[in-house]
Amino acid sequence: MGRNISLHVKSVAAASLLTILLIILYVYNDSVGVQVWSYAGAGGTEAHQDQGHTTDDIPNIVHFVYILANESKGFNFEFSHFLSMYAVSLYWEPDTIFLHTNVDPDGTAVARARDGFGGKWNKLIFTYFNLDIRKVEVPSYANNGVKIQGLEHKSDFVRVKAVQEHGGIYIDWDVHALRDVKSLRQSGFNAVAGRQAHGQINSGTFMSKKGAKMIDMWTDGMHEAYNGGWTTHSNEVITRVGELLVQEPGEMLILERDAFAPGSWESKDTDNLFQSHAEPAGFTEHELAAMRSLRLAESETPGDVPEWAWNWSHTYLLHAFSPDRWHQKVHGYDHISPAYVLRRDSNFGRAVYPAVLHMYREGLIGVNDPYDG
Ligand SMILES: *[C@@H]1O[C@H](CO)[C@@H](O)[C@H](O)[C@H]1NC(C)=O
Ligand SMILES: *[C@@H]1O[C@H](CO)[C@@H](O)[C@H](O)[C@H]1NC(C)=O
């Protein structure tokens, strides 16, 4: 009996508490409602912009640049080029992939590559992705009158202009996406880039909104700075402009080195990235079956990690500076081929393995495919 009375008292108390809470909630809600209304009345556009944040991202547009030295020699894409584009397409699902080049999209060079005359990788690049091929004007002189040397420097001017015109993400062919960059595009910053060895900002990959101060100032600054020096107009100008713009809220985000360029062009770094830690061997039937089987995870468990392995968990994009440019011999490495990656006995192989395994499972590649042709 006593128990029942106390229960009754408790439920009355609970009901009153609920009523009070509801009243508080109602009053609070009403005052918030008034606030929202008066705010929208006073500054409707600002409120709208705050809500419409996602329309203000760095666009999910990717830019590649390939300038042919001699149009009649055609494109010369290798497996590593296809891999770079494939990983971007896999992890980012871009709205558009631009290929900026100096040949006509409807001309012979593109047609021959597409029709397979240039081998498997040229054909795949022009048929697997829905590329937006743009013929661009390749500058011969910077605006300061200095003649632009070499295809690399011409490509530097083309890439910056492309991102200035469209917004989006530029990547070099030796840059490999290891994960999505959506969170960077949506960070609210107008431009994002990353440092490289010795502290400069790397110009092999960067992203920007159209009309961002960084890309506009770099476009002008590179023409003024050009003097034929290897990186005067590229890394030096984006570093100067980028560091200047950090003090303006939202203009520039500079990421640490490991984000985009964990290695470097120095031989100790290219050795560490590319050297093979096992004797070259073919794949056994058992290994091939394991790769085809969906039971094999695309990423690895910590128990499988050899002691020489780099940890890629904090890298978005791997700028894999190649030892080929300096004709430097690296143990167990000749070229980036499907088998070299699938063996996973190098840091490079371990980094890009998930994308290459994906291609293998899609039936796009065989383990004995050559690196070129
Ligand atoms: C371009 O390549 C073609 C075919 O290999 C060659 O005949 C021609 O001389 C080359 N042109 C130049 C300007 O090097
Ligand atoms: C790699 O680094 C991340 C972050 O520090 C850590 O969580 C992860 O366990 C590391 N992986 C291995 C295999 O050591």
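These numbered points walk through a predicted model, from its ligands to its pocket and some single residues.

1. **Ground rules.** This is a predicted model, in which local features need pLDDT of at least 70 and side-chain atom pairs count only at pLDDT 80 or more, while totals for chains, interfaces and linings use all residues. Residues are numbered from 1 along each chain as its sequence is written, chains are lettered from A and ligands numbered from 1 in the order in which they are written, and side-chain values use heavy atoms, with hydrogens and water left out.

2. **Ligand 1.** Which residues surround ligand 1? They are Asn70, Ser72 and Lys73. A residue is near a molecule or strand if one of its heavy atoms lies within 4 Å of it. Asn70 has a polar side-chain atom 2.3 Å from an oxygen atom of ligand 1. For Ser72, an N or O atom of the side chain is 3.2 Å from a ligand 1 oxygen. A polar contact is a pair of N or O atoms within 3.5 Å; within protein, one must be able to donate a hydrogen and the other to accept it, and residues adjacent in sequence count only if both atoms are side-chain atoms. On its own, ligand 1 has 360 Å² of accessible area, and the protein covers 27% of it. Such areas come from the Shrake-Rupley method with a 1.4 Å probe; for residues, only the protein chains shown count as cover.

3. **Ligand 2.** Val305, Asn311 and Ser313 surround ligand 2. The side chain of Asn311 places an N or O atom 2.3 Å from an oxygen atom of ligand 2. For Ser313, a polar side-chain atom lies 3.1 Å from a ligand 2 oxygen. Ligand 2 exposes 360 Å² when taken alone, and the protein buries 34% of that.

4. **The largest pocket.** Its volume is about 1,500 Å³. On a 1 Å grid over the protein atoms alone, a pocket is an open set of points with protein on both sides within 12 Å along at least five of seven lines, where a 1.4 Å probe fits; lining residues have an atom within 4 Å of a point. Grid points are joined across faces, edges and corners, and a volume is the space filled by probe spheres set on the points. The lining of the largest pocket has 41 residues, and Glu152, Asp172, Trp173, Asp174 and Arg325 lie nearest the centre.

5. **What lines the pocket.** Strand S1 (61–66), helix H2 (79–92) and helix H5 (150–166) each give at least two lining residues. Helices (H or I, at least four residues) and strands (E, at least two) are DSSP runs, numbered from the N terminus. H5 gives the most, with six residues. By class, the lining has 15 nonpolar, 18 polar and eight charged residues. Here Ala, Val, Leu, Ile, Met, Phe, Trp, Tyr, Cys and Pro count as nonpolar, Asp, Glu, Lys and Arg as charged, and the others, Gly among them, as polar.

6. **Positive phi.** Most residues other than glycine have a negative phi. His198 has a positive value, near 75°. His198 sits in the loop between strand S6 (191–194) and strand S7 (205–208). Is His198 buried or exposed? His198 is exposed, at 68% relative accessible area. Buried means under 20% relative accessible area, exposed over 50%, partly exposed in between (1.4 Å probe, protein chains only). Arg344 also is not a glycine, and its phi is positive, about 55°. Arg344 falls in the loop between helix H12 (338–342) and helix H13 (347–361). Arg344 counts as partly exposed, at 21% relative accessibility.

7. **Pairs across the sequence.** Ser155 belongs to helix H5. Ser155 is buried, at 10% relative accessibility. Ser155 and Ile67 are 88 residues apart in sequence, yet 6.9 Å apart in space, C-alpha to C-alpha. Gly363 lies in the segment after H13 and is exposed, at 59%. Its C-alpha atom is 9.5 Å from that of Arg292, 71 residues away along the chain.
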